[in-house]
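This report describes the fold, the helices and a few individual residues of one protein. The sequence and structure come first, followed by the description.

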Amino acid sequence: MSRPVPSPATGAAPSSPLRLMAGRWLGIYPSITALLLLLGPYLLGHYPTPLIALLLTALLVPLTHYVVFPLVERLTRGWVRFPALHGAAHHRVALLVWAVTYPLITAVLLVVLPVLAGRAPLPLITLVVTLIAVPIQSLVILPRLMPRARPWILGAQRSPA
């Protein structure tokens, strides 16, 4: 089993999966709600859902990964500690998270939007979407994917065969 990467603020290991999920949700829900309140009138109903999900995840993942999650870590005073990576490894994790988030959000939106669009306010729609997607991503997909991707994330070179 691989060792956790210490958090830069405390030198401590990252939080438990449940705390990481809570921290991700605390950052993602207000961020996606704000993005949709700003961009939703120009996107929803004008473009297909997969294209909307592509644009929103392309904006949301870097925003949360580089700006919002460090803020969540500071605001929770270390209760949530995200894994600390720097340089290329940090960017590779962001790319990997986007690669997981885009199809997941697309699938959730394809199910939720036909049911709630026009019937529920936008913050309620984003609440439902994030309450479905964040636990799936945090507790099911990422824990299975990250150990397999660790050599790529950390930049391990393959030896020539």
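This is a predicted model: local features need pLDDT of at least 70, side-chain atom pairs count only at pLDDT 80 or more; totals for chains, interfaces and linings use all residues.

## Helix α1 and what follows it

Glycine 45 comes after α1 and has a positive phi, near 85°.

Helix α1 covers residues 17–43. Its end C-alpha atoms are only 33 Å apart, whereas a straight helix of 27 residues would span 39 Å at 1.5 Å a residue. A kink of about 45° is found in α1 at leucine 37.

## Overall make-up

The protein has four helices and zero strands. In sequence order the pattern is α-α-α-α. Of the 161 residues in the protein, 40% are buried.

## Helix α2

Helix α2 is made of residues 49–75, 27 residues in number. A straight helix would reach 39 Å at 1.5 Å a residue, but the end C-alpha atoms of α2 are only 33 Å apart.

Leucine 54 is one of the residues in α2. Leucine 54 is classed as partly exposed, because its relative accessibility of 33% falls between the 20% limit for buried and the 50% limit for exposed. Leucine 54 and tryptophan 98 are separated by 44 residues in sequence, and their C-alpha atoms are 9.5 Å apart in space.

## The loop between α2 and α3

Arginine 77 sits in the loop that joins α2 and α3, just after α2.

## Packing of α2 against α3

Helix α3 runs over residues 88–116. The axes of α2 and α3 come within 8 Å of each other, and they cross at roughly 140°. The two helices are therefore oblique to each other, because an angle has to be over 145 degrees to count as roughly antiparallel.

The crossing of α2 and α3 is right-handed. The contact between these two helices contains 15 nonpolar residues, seven polar residues and no charged residues.

## Packing of α3 against α4

How do α3 and α4 run relative to each other? Their axes come within 9 Å and cross at roughly 150°. The pair is therefore roughly antiparallel, since the angle is over 145 degrees.

The crossing of α3 and α4 is right-handed. In the contact of α3 with α4 there are 27 nonpolar residues, two polar residues and one charged residue.

## Proline 151 in helix α4

Helix α4 consists of residues 122–154, and proline 151 is located in it. Is proline 151 buried, partly exposed or exposed? With a relative accessible area of 43%, proline 151 is partly exposed.

Alanine 89 lies 62 residues from proline 151 in sequence. In space, the C-alpha atoms of proline 151 and alanine 89 are 9.9 Å apart.

Terms used. Residues are numbered from 1 along each chain as its sequence is written. Side-chain values use heavy atoms; hydrogens and water are left out. The expected span of a helix is 1.5 Å times one less than its number of residues. Axes are lines fitted to C-alpha atoms, for helices over the stretch in contact, and angles run from 0 to 180 degrees between N-to-C directions. Angles under 35 degrees count as roughly parallel, over 145 as roughly antiparallel, 65 to 115 as roughly perpendicular and the rest as oblique. A crossing is left-handed if the near helix is turned anticlockwise from the far one by less than a right angle, and right-handed if clockwise. Ala, Val, Leu, Ile, Met, Phe, Trp, Tyr, Cys and Pro count as nonpolar, Asp, Glu, Lys and Arg as charged, and the others, Gly among them, as polar. Buried means under 20% relative accessible area, exposed over 50%, partly exposed in between (1.4 Å probe, protein chains only). The bend at a residue is the angle between axes fitted to the seven residues ending there and the seven starting there.
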